Amino acid sequence: MDLSVINFETVATLLLLLLIGMGPKIALVPFLEKTKKFPPEQQIAIGRRMVITAVVAALAVFVTGGLLLSLLHITTGAVAVAGGIILALIAVKMALGSEEVVEHLDAPADPDKLAVYPLAVPYLFNPVGITVLIIASESVHTVGSAVLVLVLVLAVGAFDYLIFSNIDKIAKRINPTSLIVSEIVFGVLLTAVAVQLFVFGLRLLGIIEPGAAAH
């Protein structure tokens, strides 16, 4: 990820990755399933706590990511490969409509714990977001690029907050069949993103040639 030059393409790419990495889509179905036993007011409270937790975690990862890579002697390529593998596990379940996901969706007694795990992490702030922000942390060398990443993280967080603060109204408008279909389609697309992330990591590690993915 090249943050040395800030232009429209850089901003658009980073925003798209953050929408995948900490946007509402991946978390929406698990959220609705896990909070269906709660009244609407508590659903909204859980959603807001989830978003705040995810944004704080994202900011912490961005601020400390580069330092952690240095201290642990981990390369950005290894992070990309690991992120691709974990995202693939989540995406394949979405694409297959696995019933295994549903079996684990009984709401626990403590809604605060539910909001933090697994809703905030790894569903809302998912492996793509973690990978992108760790790599961005290592790639940022100017105040301007750091501010850009922070602004985009907060913008996506604000969008999430808006969605989950009105989740009771949104849930009433969602067609269950359409939601299932979109979940499968998005799962396939996310699997492709996971593969691309894995290949990107292999390129960074020098295991494959930069042009190998094009063949």
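This is a predicted model: local features need pLDDT of at least 70, side-chain atom pairs count only at pLDDT 80 or more; totals for chains, interfaces and linings use all residues.

Modeller: Residues are numbered from 1 along each chain as its sequence is written, and side-chain values use heavy atoms, with hydrogens and water left out.

Colleague: Is Ser165 buried or exposed?

Modeller: Buried means under 20% relative accessible area, exposed over 50%, and partly exposed in between (1.4 Å probe, protein chains only). Ser165 has 11% relative accessibility, so this residue counts as buried.

Colleague: What does Ser165 touch, not counting residues up to four places away in sequence?

Modeller: Contact means heavy atoms within 4.5 Å. On that basis, Ser165 touches Ile44 and Arg48.

Colleague: At what angle do helix 3 and helix 8 pack?

Modeller: Helices are DSSP runs (H or I, at least four residues), numbered from the N terminus. Axes are lines fitted to C-alpha atoms, for helices over the stretch in contact, and angles run from 0 to 180 degrees between N-to-C directions. Helix 3 (residues 40-72) and helix 8 pack at about 170 degrees, with axes 9 Å apart. Angles over 145 degrees count as roughly antiparallel, and helix 3 and helix 8 are therefore roughly antiparallel to each other. Among the residues making the contact are Ile44 and Arg48 of helix 3 and Tyr161 and Ser165 of helix 8.

Colleague: Where is Ser165 found?

Modeller: Ser165 belongs to helix 8, which covers residues 143-165.

Methods:
Helices (H or I, at least four residues) and strands (E, at least two) are DSSP runs, numbered from the N terminus. Angles under 35 degrees count as roughly parallel, over 145 as roughly antiparallel, 65 to 115 as roughly perpendicular and the rest as oblique.
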